[in-house]
Amino acid sequence: MNLKWLPNALTIARCVFAGLLLLGFWQALSLDPAEAGLSADDSVVRATLQQLWYQFAFLAFLSGALTDFLDGWLARQLNAHSRFGVWLDPIADKLLIAAALICLSIQFRSWLIYIPAAMIIARDVFITWFRATPKGKAVIVPSNMAKWKTGFEMAAIIGMMLPLAVLAPDPQRLQGEELSLAVLAIVFALVGLLWVAAILSWQTAWQYMKAALRPQG
């Protein structure tokens, strides 16, 4: 059986998972358990439905991240490299990350997340465009920094999404609840990881630009 289509199918699936991630957060954010005028029972129902949508979004992100590993591994195992896959794979990666960052920005509504999220998304859009230019197409820059950047991105995104998916909110304590020092430390650590990823993303972009614009010969 010819399975050489499978890596590209997984890459396309990653784009679909990005859309499902956006859908999950959109549905979750439309359900506010603390809305004025709700009865206690209605608040509990909304909180439960909201968490289910957060879980849906979290699983969509994890599934998309898994396809990122599987499509490359299968392409090597099946010797199924294609121009379409080479073109779509980095775009699918960036769509998934961008969808997650947009969702988290809307969820937490803080400039501490807006700024690094915008930096990462802007960098990814710029590099995607530049790689389509004649100079960009000819450059391959292997970099451990890019792997670290991806690792920090994934850790920050998963760390911010996980509590939404697994910690059931108490509708009676949603307003005015004080966070413990331990929780604040974790939050600042995750935000710090996102900032580090944003800085590394532009450092890797600068490495790529220098390699592409270096005089040949």
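We will go from the overall fold to a helix pair, then to salt bridges and a loop residue.

Trainee: Before that, what should I keep in mind about the model?
Mentor: This is a predicted model, where local features need pLDDT of at least 70 and side-chain atom pairs count only at pLDDT 80 or more, while totals for chains, interfaces and linings use all residues. Residues are numbered from 1 along each chain as its sequence is written, and side-chain values use heavy atoms, with hydrogens and water left out.

Trainee: How many helices and strands are in the chain?
Mentor: Helices (H or I, at least four residues) and strands (E, at least two) are DSSP runs, numbered from the N terminus. Here the chain has seven helices and zero strands, so its pattern along the sequence reads α-α-α-α-α-α-α.

Trainee: What share of the residues count as buried?
Mentor: Buried means under 20% relative accessible area, exposed over 50%, and partly exposed in between (1.4 Å probe, protein chains only). Of the 217 residues of the chain, 35% are buried. As for contacts (heavy atoms within 4.5 Å), take those in the chain with a separation of 6 or more: 87% of them are between residues 24 or more positions apart.

Trainee: How do I read a helix pair?
Mentor: Two packed helices are described by the angle between their axes and the distance between the axes. Axes are lines fitted to C-alpha atoms, for helices over the stretch in contact, and angles run from 0 to 180 degrees between N-to-C directions. Helix H3 (residues 83-108) packs against helix H4 (residues 111-131) at about 160°, with the axes 10 Å apart.

Trainee: How many salt bridges does the structure hold?
Mentor: A salt bridge is a side-chain nitrogen of Lys or Arg within 4 Å of a carboxyl oxygen of Asp or Glu. The structure holds six. In one of them, Asp 71 pairs with Arg 14, their closest N and O atoms 2.9 Å apart. That pair links helix H2 (residues 40-78), which holds Asp 71, with helix H1 (residues 6-29), which holds Arg 14, across 57 residues.

Trainee: Which other partners does Arg 14 have?
Mentor: Arg 14 also meets Asp 89 in a salt bridge at 2.6 Å, N to O, and Asp 93 in another, at 2.9 Å between the closest N and O atoms. Arg 14 lies in H1 and Asp 93 in H3, so this pair ties together parts 79 residues apart in sequence. Through shared partners, salt bridges join Arg 14, Asp 68, Asp 71, Asp 89 and Asp 93 into one network.

Trainee: Are these residues buried or exposed?
Mentor: Arg 14, at 0% relative accessibility, counts as buried, and Asp 71 is buried too. Asp 89 is partly exposed at 24%, as is Asp 93 at 21%.

Trainee: Where does His 81 lie?
Mentor: His 81 sits in the loop between H2 and H3, and at 56% relative accessibility it counts as exposed. Leaving aside neighbours within four places in sequence, His 81 is in contact with Ala 75 and Arg 76.
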